[in-house]
Number of protein chains: 2
Amino acid sequence: MPARPVDPLGDDYAYVQVADDLERRIGAGEFAEKLPSERALAEEYGCAYTTIRQGMKLLRERGLIVTRQGRGTYVRKQR
Amino acid sequence: MPARPVDPLGDDYAYVQVADDLERRIGAGEFAEKLPSERALAEEYGCAYTTIRQGMKLLRERGLIVTRQGRGTYVRKQR
DNA sequence: GGCGATTTGTACGTATGTATT
DNA sequence: CAATACATACGTACAAATCGC
């Protein structure tokens, strides 16, 4: 279940595409608990580190993940 | 009532300093209704445009301002 | 309606700081 | 102490919305 790389011509902004695709992958159970590092995701999605961070912020606001400095980003147990 | 430029050695992060100082100036009634442009504020505060944007975001979350693309940023009528 | 000027929005790449392992 | 990972900050470029002429 690989990442769907960001489409620069897509209707949505890159960071929204990232957030939506990560949400899809999380929903599919791809990340049991911990997500790859932000830099690794940037490579996977073919976009900038800062764009990944914008997407992650969206997911935090959606309540899907929790991020801790120096540790990583984790899938939030349901709710 | 000039801006208090960002202090790189301050306890708070630059973007928090910006937000706090703008809140102070808003409270003092310096901006009747419209704030200077983000780029102008960046010059005033001696920091990057993107840092101003982070501070503005904080102020939006605090409910103090409203921002509209192409128009500008406005002081929110109390509530 | 067009055009340019202004202003906010998104995106990039990089550097450095801070926390955890 | 070193490696890893997130956080902040910078500067730049271009896109998109708005406004005035």
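This is a predicted model: local features need pLDDT of at least 70, side-chain atom pairs count only at pLDDT 80 or more; totals for chains, interfaces and linings use all residues.
Residues are numbered from 1 along each chain as written, chains are lettered from A and ligands numbered from 1 in written order, and side-chain values use heavy atoms, without hydrogens and water.

Colleague: How many aromatic pairs are found over all chains?
Modeller: Rings of Phe, Tyr and Trp (its six-membered ring) pair if their centres lie within 6.5 Å; planes under 30 degrees apart count as stacked, over 60 as edge-to-face and the rest as tilted. The search covers the whole structure, and the count is two.

Colleague: What kind of pair do Tyr13(A) and Tyr15(A) form?
Modeller: Their centres are 6.2 Å apart.

Colleague: Why is the pair of Tyr13(B) and Tyr15(B) stacked?
Modeller: The ring centres lie 6.3 Å apart. The pair is stacked because its planes are at 10°.

Colleague: Is Tyr13(B) buried or exposed?
Modeller: Buried means under 20% relative accessible area, exposed over 50%, partly exposed in between (1.4 Å probe, protein chains only). Tyr15(B), at 26%, is partly exposed. Tyr13(B) has 60%, so Tyr13(B) is exposed.

Colleague: Which ring does the charged end of Arg39(A) sit over?
Modeller: A charge sits over a ring if NZ of Lys or CZ of Arg is within 6 Å of the ring centre and within 35 degrees of the ring normal. Here the distance to the centre is 3.7 Å, and the ring belongs to Tyr49(A).
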